Amino acid sequence: MVLFSQTGSSYCIRTELFRYKSGKNVVFSRANSMDASKLKENSIGFSSLLYSSSSKAQILHIANAGVGQKRGHSVIVAASPPTEDAVIATEPLTKEDLVAYLASGCKSKDKWRIGTEHEKFGFERKTLRPIKYEQIAELLNGISERYDWEKVMEGDKIIGLKQGKQSISLEPGGQFELSGAPLETLHQTCAEVNSHLYQVKALSEEMGIGFLGIGFQPKWGLKDIPIMPKGRYDIMRNYMPKVGTLGLDMMFRTCTVQVNLDFSSEADMIRKFRAGLVLQPIATALFANSPFTEGKPNGFLSMRSQIWTDTDNNRAGMLPFVFDDSFGFEQYVDYALDVPMYFVYRQKKYIDCTGMSFRDFLAGKLPCIPGELPTLNDWENHLTTIFPEVRLKRYLEMRGADGGPWRRLCALPAFWVGILYDEVSLQNVLDLTADWTPEERQLLRNKVPLTGLKTPFRDGLLKHVAQDVVKLAKDGLERRGFKETGFLNEVVELVRAGVTPAEKLLELYNGKWGQQIDPVFEELLY
């Protein structure tokens with residue numbers, strides 16, 4: 001049976017497993033409520049059912065068993081890399097289906113997980129130059145063969161690896177990304193990061209290459225960065241200069257660490273989304289680690305964060321509408337429908353649909369593929385092309401932190417888990433920030449890349465707020481009962497001193513390094 005938990009007007013879908021009477025696996029979607037007993041007669045248990053909020057059922061056949069990824073009892077269709085014809089709609093998608101898709105991410109607290117992602121720059125140890133695709137391909141093949149990862153191909157090119165619920169992928173300039181599995185504790189998350197770095201280091205040392213934990217490429221210009229052979233990046237590379245001045249820098253010269261966290265209901269999602277947005281500038285300050293461009297200080301503590309202010313403001317930013325009383329899954333869908341598209345994936349090819357509307361796609365009027373209708377795969381892919389400071393999928397992504405050395409890869413999820421997965425700390429954050437105005441939130445977003453924890457805020461400095469927030473995060477971790485507070489030590493010490501990682505790098509640059517950039521490759525080597 002399909003169960004619904006309601007909090008006021010919010011809804012959450014919990015999916016159980018069914019098989020359609022034809023024997024084929026099906027996916028339905030539904031918002032709000034329905035008489036689940038009507039479905040009971042077909043309930044024998046293998047495919048996730050979401051039932052549509054309209055009176056009709058929309059049946060989606062999962063066409064390729066290799067496409068789905070199980071999380072709990074449900075099948076999750078992979079969005080990256082896109083899968084060809086993975087989902088076939090027998091009836092047109094409606095806006096309600098898109099809303100229900102987001103709502104299907106609701107999970108009871110015992111099923112909440114932690115998913116950590118981080119990117120890093122590969123470089124040749126002798127020359128410090130960025131590694132080329134051929135070297136990355138050799139590394140990916142080596143990891144696959146030695147540690148039993150499944151290869152992900154685009155045409156005849158290896159572009160990533162998968163092992164269970166972990167994946168390794170390539171960003172546009174060859175940044176090497178681990179997308180971790182959804183895990184229960186920070187101990188598991190940090191063990192996963194350490195295992196990944198061990199495997200990468202074992203192979204890369206044999207190849208004479210290293211990996212750098214920093215938020216922005218410190219030495220090399222855009223012309224020096226290799227381009228990865230991924231179709232979606234060709235489309236983005238051509239489109240970016242039309243919508244901002246720094247989009248290519250974002251694609252080719254930035255690295256981040258982020259954490260993906262769950263919610264139990266629409267109301268819970270809203271509270272976490274708001275807390276995530278309001279605190280994102282504090283996370284940016286705590287993890288600021290990108291003060292160099294082409295060998296010299298660039299005037300910022302987080303150049304990575306600054307770059308997002310002029311990449312593509314149709315799909316980035318602080319999303320002030322999340323603080324509106326009317327906000328919920330539907331309002332996010334409305335926002336996402338109006339974010340210009342990048343591409344559609346068909347017949348193993350990316351079709352350039354830049355600047356076009358997903359609303360038109362829903363109506364079968366997309367100029368790049370007229371007459372075709374979207375699938376949930378298309379919707380999931382579209383959601384990955386939206387880049388706000390906090391992003392909603394079937395979970396929430398905290399996106400405001402610079403890449404950094406391994407200690408901080410564990411600290412970032414610790415910070416957010418302590419706040420968002422503890423009811424007391426989450427409520428305290430919402431109370432603490434309840435009277436912050438939209439203008440103040442935006443001011444922090446604008447100033448923090450430049451001044452970090454020393455950003456003036458009200459009667460003091462942002463570091464004073466950050467100290468309170470880090471204390472709330474630590475308290476939240478203690479209440480979780482998994483002995484996870486040690487993962488916050490790096491941040492506790494940093495906020496006590498009020499000095500960002502970037503400022504420490506600048507001190508080294510102006511002192512011990514003699515204003516030479518090359519030592520950063522040793523300082524921040526994994």
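Lys 483 is exposed, with a relative accessible area of 76%. Here exposed means over 50% relative accessible area, buried means under 20%, and partly exposed lies in between, using a 1.4 Å probe and protein chains only. Lys 483 sits in the loop between α15 and α16. Its phi is positive, about 55°, although Lys 483 is not a glycine.

This is a predicted model, in which local features need pLDDT of at least 70, side-chain atom pairs count only at pLDDT 80 or more, and totals for chains, interfaces and linings use all residues. Residues are numbered from 1 along each chain as its sequence is written, and side-chain values use heavy atoms, with hydrogens and water left out.

Now the whole protein. It has 18 helices and 26 strands. Both are DSSP runs numbered from the N terminus: helices are H or I with at least four residues, strands are E with at least two. Buried residues make up 60% of the 526 residues. A contact means heavy atoms within 4.5 Å. Among contacts between residues at least 6 apart in sequence, 72% join residues at least 24 apart.

A second residue with positive phi is Leu 128, and it too is not a glycine; its phi is near 65°. Leu 128 lies in the loop between β10 (114-124) and α3 (133-147). At 11% relative accessibility, Leu 128 counts as buried.

Helix α5 (residues 231-243) has a kink of about 25° at Arg 237, shortly before the proline Pro 241. Which residues of α5 are buried? They are Gly 231, Arg 232, Tyr 233, Ile 235, Met 236, Tyr 239 and Met 240. These buried residues pack against several elements, including β11 (150-154), β13 (166-170) and α6 (247-253).

Ile 227 lies in the loop between β15 (209-212) and α5. Ile 227 is partly exposed, with a relative accessible area of 42%. Leaving aside neighbours within four places in sequence, Ile 227 is in contact with Pro 172, Arg 237 and Phe 252. Arg 237 is also where α5 has its kink.

Helix α7 (266-286) has 21 residues. From first C-alpha to last it reaches 29 Å, close to the 30 Å expected at 1.5 Å a residue. The expected span is 1.5 Å times one less than the number of residues. α7 bends by about 45° at Leu 279, and the proline Pro 281 follows within four residues. Of its 21 residues, 18 are buried, so α7 is largely enclosed by the rest of the structure.

Pro 291 is placed in the loop between α7 and β17 (292-293). Buried or exposed? Pro 291 is buried, at a relative accessible area of 0%. Beyond neighbours within four places in sequence, its contacts include Lys 296, Phe 300, Leu 301, Ala 502 and Leu 505. Pro 291 and Gln 217 are 74 residues apart in sequence, and 9.6 Å apart in space, C-alpha to C-alpha.

Helix α14 (residues 438-451) has 14 residues and spans 20 Å from its first C-alpha to its last, close to the 20 Å expected. α14 bends by about 25° at Arg 445, and Pro 449 follows within four residues. Both Arg 445 and Pro 449 are among the buried residues of α14. The buried residues pack against α7, α8 (303-307), β25 (456-457) and α15 (462-480). After α14 comes Gly 452, with a positive phi near 55°.

Gly 452 leads on to Thr 500, which touches it. Thr 500 is in the loop between α16 (489-497) and α17 (501-510). At 0% relative accessibility, Thr 500 counts as buried. Not counting residues up to four places away in sequence, Thr 500 also touches Ala 285, Ala 288, Leu 301, Leu 453 and Leu 494.

Helix α2 (residues 95-103) and helix α11 (residues 376-383) pack at about 65°, with their axes 11 Å apart. Axes are lines fitted to C-alpha atoms, for helices over the stretch in contact, and angles run from 0 to 180 degrees between N-to-C directions. Leu 98, Tyr 101 and Leu 102 in α2 meet Leu 376, Trp 379, Glu 380 and Leu 383 in α11.

How values were computed: The bend at a residue is the angle between axes fitted to the seven residues ending there and the seven starting there.
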